[in-house]
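Trainee: I'm new to this one. Please walk me through it.

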Amino acid sequence: MSTPASRAPLLPPTEKPRVVVEHPDFYVVHKPALWLTHPVRARVDVPDVLTYLRRATGEDTLAPPHRLDRETSGAQVFSRDREAAQRFFTLFKTHLVGKTYVAIVHGTPDWDRRTLDAPLGDLGLGGANRIAIRQAVVPDGRPAVTDFRVLDRRAGHALIEAYPRSGRLHQIRAHLSHLGLPMVGDKIYGRDPEVFLAFMEEGQTPELTARLGLARQALHAARIAFPWSGTQFSAELPLAPDLQAYWEALPQDGAPA
């Protein structure tokens with residue numbers, strides 16, 4: 001019988017969050033993969049960046065104005081006081097925060113740049129879909145637009161920059177799947193539709209990681225930019241080490257495997 005999800009093993013993070021920008025009003029933090037943004041009630045204990053950062057800085061007023069998925073690494077902002085939190089709320093509500101991501105996908109698109117304007121919504125249970133939260137391009141979905149740019153191609157994979165103009169659930173992952181470019185390591189939108197169910201039953205086993213190629217989805221928040229106090233602030237974080245290692249291990253096109 002499969003191990004219940006309440007006892008399903010999760011891989012522990014190998015990195016700790018680190019502050020990359022200390023501003024009087026906010027921090028920009030490198031959120032490692034396998035960390036939550038903030039604490040949630042769950043059946044398993046998962047470390048979260050907010051709790052870690054509050055303990056490290058002694059600042060109880062820290063708050064995250066946006067969220068990154070547990071498996072996504074990269075640039076995460078935390079406001080330092082209530083006034084800054086309100087300013088970020090307004091920036092996000094008025095779509096003045098730009099976030100750029102980098103993903104590793106299966107497939108090599110024949111285009112270098114592409115904008116996908118395709119509405120997203122619940123795919124719905126039934127047929128081949130057994131995952132309630134899976135999103136898809138559907139006629140009655142909410143408007144969703146993502147700009148894509150190919151950074152490199154290698155051994156049947158592509159390194160793709162994604163700039164979401166809207167903020168729909170799983171937008172980048174669902175849009176890439178729609179384009180026939182499933183993200184490496186993605187348990188919901190990847191090449192194997194049974195992976196997520198296996199994960200919920202058994203946790204992150206070595207066998208599951210081997211099926212996926214990575215223990216987590218290959219998505220990294222590489223840049224965040226927004227206006228602040230009369231200037232345009234931006235911060236960039238290099239590709240996370242595990243994603244860089246995966247990419248560099250792929251043979252270059254034309255090179256021996």
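Mentor: One term to begin with: two strands pair if DSSP finds at least two bridges between them. For example, strand 2 (residues 26-31) and strand 3 are antiparallel and joined by six bridges. Within that pair, Val 29 stands opposite Gln 76 of strand 3. Keep in mind that this is a predicted model.

Trainee: OK, how confident is the predictor, going by the mean pLDDT of the chain?

Mentor: The mean pLDDT is 89, and 89% of the residues reach 70 or more. The exception to mention is residues 1-7, where pLDDT stays under 50. That stretch has 11 contacts in the model beyond four places in sequence. Where pLDDT is low, the predicted coordinates should not be read in detail.

Trainee: Got it. How many helices and strands are there in the chain?

Mentor: Six helices and 11 strands. The chain has 257 residues, and 47% of them count as buried. Its accessible surface is about 13,300 Å², with 51% of that belonging to carbon and sulfur atoms.

Trainee: And what share of the contacts comes from residues 24 or more positions apart?

Mentor: They make up 65% of the contacts with a separation of 6 or more.

Trainee: Back to strand 3. Is it mostly covered or mostly open?

Mentor: Mostly covered: seven of its seven residues are buried.

Trainee: What about strand 9, how many of its residues are buried?

Mentor: Six of the eight, over residues 157-164. Strand 9 has antiparallel bridges to strand 8 (residues 145-154), eight in number. Strand 9 also pairs with strand 4 (residues 98-106), antiparallel again, over six bridges. Look at Val 102 and you'll find Glu 161 of strand 9 as its bridge partner.

Trainee: Switching topic: which residues touch the most other members in the largest nonpolar core?

Mentor: Ile 104, Phe 148, Ile 160, Ile 172 and Leu 176, out of 32 residues in that core. Two or more residues each come from strand 4, strand 8, strand 9, helix 3 (171-178), strand 10 and helix 6. Strand 4 gives the most, five residues. There is also a second, separate core of 14 residues, with Ala 75, Val 77, Leu 91 and Ile 224 among them.

Trainee: And what is Phe 148 in contact with?

Mentor: Leaving aside neighbours within four places in sequence, its contacts include Trp 111, Leu 116, Ile 160, Ala 162, Ile 172, Leu 176 and Leu 179.

Trainee: You mentioned helix 6. Which of its residues are buried?

Mentor: Leu 243, Tyr 246 and Trp 247, in a helix that covers residues 241-249. They span an arc of only 95° around the axis, which means they are on the same side of helix 6. The general idea is that an α-helix has 3.6 residues a turn, so residues three or four places apart point the same way. On the other side of helix 6, Pro 241, Glu 248 and Ala 249 are exposed.

Trainee: What do the buried residues of helix 6 pack against?

Mentor: Strand 4, strand 8, strand 9 and strand 10 (219-228).

Trainee: Now some loops. Where does Leu 62 lie?

Mentor: In the loop between helix 1 (49-57) and strand 3 (73-79). Leu 62 counts as buried because its relative accessibility is 0%, and the cut-off for that is under 20%. Not counting residues up to four places away in sequence, Leu 62 touches Tyr 27, Leu 50, Leu 53 and Ser 79, among others. Tyr 27 is 35 residues away in sequence, with 8.9 Å between the C-alpha atoms.

Trainee: Why does Ala 118 count as buried?

Mentor: Because its relative accessibility is 5%. Ala 118 is in the loop between strand 5 (113-117) and strand 6 (120-122). Beyond four places in sequence, Ala 118 touches Val 137, Ala 144 and His 175.

Conventions
Residues numbered from 1 in each chain as written. Predicted model: local features only at pLDDT ≥ 70, side-chain atom pairs only at ≥ 80, totals over all residues. Heavy atoms only, no water. Buried < 20%, exposed > 50% of the residue type's maximum accessible area, 1.4 Å probe, protein only. Helix = DSSP H or I, 4+ residues; strand = E, 2+ residues; numbered from the N terminus. Contact = heavy atoms within 4.5 Å. pLDDT = per-residue confidence, 0-100. Arc of directions from axis to C-beta. Areas by Shrake-Rupley, 256 points an atom, 1.4 Å probe, with all protein chains shown as cover. Core = buried A, V, L, I, M, F, W, Y, C linked by side-chain atoms within 4.5 Å.
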